[in-house]
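This report looks at how parts of one protein chain pack against each other. Please keep the sequence and the structure in view while reading.

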Amino acid sequence: MRAIVFGASGLVGHGALRACLLDDEVSEVLTVVRRPLPVTHPKLRQIVHADFTDYTAIQGRLTGLDACLFCLGTSSVGQSETQYTRIVYDYTLAAARALHAASPALTFVYVSGQGADSTEAGRTMWARVKGRTENALLALPMTTVMVRPGYVHPVHGARPRSTLLRILTRVLYPLLRRAFPRHVTTTDALGRAMLAAARPGTTTESILDNTAINRLAAQTVTPK
């Protein structure tokens with residue numbers, strides 16, 4: 001399997017990239033990044049690219065891929081709907097269309113979020129935009145799987161960018177795991193579940209909630 005990961009510099013992308021690098025069935029992993037990652041591995045190939053709405057310049061490097069784990073995203077805090085839509089919707093659809101043109105048999109696995117609004121009509125801005133993005137991906141003539149994690153706890157070196165968030169994750173995770181186990185996962189489990197969902201025949205579901213993510217991860221071998 002040849003896989004490509006978007007958003008590998010982020011917390012969720014860290015888990016997706018790690019899952020790919022540790023999986024013996026994955027022969028090569030590409031990442032599309034604005035700046036090179038401080039990671040080296042025999043299977044890793046990094047593509048430095050600036051414009052996430054236009055992949056014309058690197059289209060030739062996107063051929064022969066089997067799976068895309070799309071983890072690129074942003075927080076909606078402090079952003080207008082127009083700004084948030086550009087990153088969450090425009091970037092995602094541009095990548096999906098470019099990948100489908102270059103690798104038609106590829107499975108596109110998209111990290112959405114628990115509470116995404118498939119009606120696109122709710123009051124919560126981020127949920128509407130995520131729901132719109134999901135709907136647009138599902139309408140494309142390609143195999144797509146949406147994953148909707150709840151709280152994602154960083155493990156194996158994945159770290160939130162801010163010190164405050166790092167402190168909060170250490171404090172909140174034990175409480176959330178006990179009180180709301182169905183709504184909690186880890187970067188490790190999410191990465192493995194995404195990679196599993198990209199394999200043909202693994203799941204018939206097009207939208208995986210947090211429970212399904214953890215169930216799928218539990219069916220895979222845990223990387224050491």
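## Helices H2 and H3

In this predicted model, H2 passes H3 in a right-handed crossing. Helix H2 covers residues 81–102 and helix H3 covers residues 125–139. Their axes come within 10 Å and cross at roughly 15°. An angle under 35 degrees counts as roughly parallel, so H2 and H3 are roughly parallel to each other.

On the H2 side, the contact is made by Glu81, Tyr84, Thr85, Val88, Tyr89, Thr92, Leu93 and Ala96. On the H3 side, the residues are Met125, Trp126, Arg128, Val129, Lys130, Arg132, Thr133, Ala136 and Leu137. Sorted by class, the contact of H2 with H3 has 10 nonpolar, three polar and four charged residues.

## Helices H1 and H5

Two packed helices are described by the angle between their axes and the distance between the axes. For helix H1 (residues 11–22) and helix H5 (residues 187–197), the axes come within 7 Å and cross at roughly 60°. That makes H1 oblique to H5. The crossing of H1 and H5 is right-handed.

H1 contributes Leu11, Val12, Gly15, Ala16, Arg18, Ala19 and Cys20 to the contact, while H5 contributes Thr187, Asp188, Leu190, Gly191, Arg192 and Leu195. The residues of this contact of H1 with H5 divide into seven nonpolar, three polar and three charged.

In soluble globular proteins, nonpolar side chains tend to be buried together. Here the largest nonpolar core has 35 residues, and Cys20, Leu69, Val147, Met194 and Leu208 touch the most other members. Elements that give two or more residues to this core include the helices H1, H5 and H6 and the strands E1 (2–6) and E2 (28–33). H5 gives the most, with seven residues.

Which residues does Leu208 contact, leaving aside its neighbours within four places in sequence? They are Val145, Met146, Val147, Arg148, Ala197, Thr203, Ile213 and Leu216. A second, separate core of 34 residues includes Phe52, Tyr91, Ala96 and Leu99.

## Ala217 in helix H6

Ala217 lies in helix H6, which covers residues 210–218. Is Ala217 buried or exposed? Its relative accessibility is 3%, so Ala217 counts as buried.

Not counting residues up to four places away in sequence, Ala217 touches Ala189, Arg192 and Ala193. Ala217 and Thr186 are 31 residues apart along the chain, and their C-alpha atoms are separated by 10.0 Å.

Definitions and conventions:
Residues are numbered from 1 along each chain as its sequence is written. This is a predicted model: local features need pLDDT of at least 70, side-chain atom pairs count only at pLDDT 80 or more; totals for chains, interfaces and linings use all residues. Side-chain values use heavy atoms; hydrogens and water are left out. Helices (H or I, at least four residues) and strands (E, at least two) are DSSP runs, numbered from the N terminus. Buried means under 20% relative accessible area, exposed over 50%, partly exposed in between (1.4 Å probe, protein chains only). Contact means heavy atoms within 4.5 Å. Axes are lines fitted to C-alpha atoms, for helices over the stretch in contact, and angles run from 0 to 180 degrees between N-to-C directions. Angles under 35 degrees count as roughly parallel, over 145 as roughly antiparallel, 65 to 115 as roughly perpendicular and the rest as oblique. A crossing is left-handed if the near helix is turned anticlockwise from the far one by less than a right angle, and right-handed if clockwise. Ala, Val, Leu, Ile, Met, Phe, Trp, Tyr, Cys and Pro count as nonpolar, Asp, Glu, Lys and Arg as charged, and the others, Gly among them, as polar. A nonpolar core is a set of buried Ala, Val, Leu, Ile, Met, Phe, Trp, Tyr and Cys residues joined through side-chain atoms within 4.5 Å.
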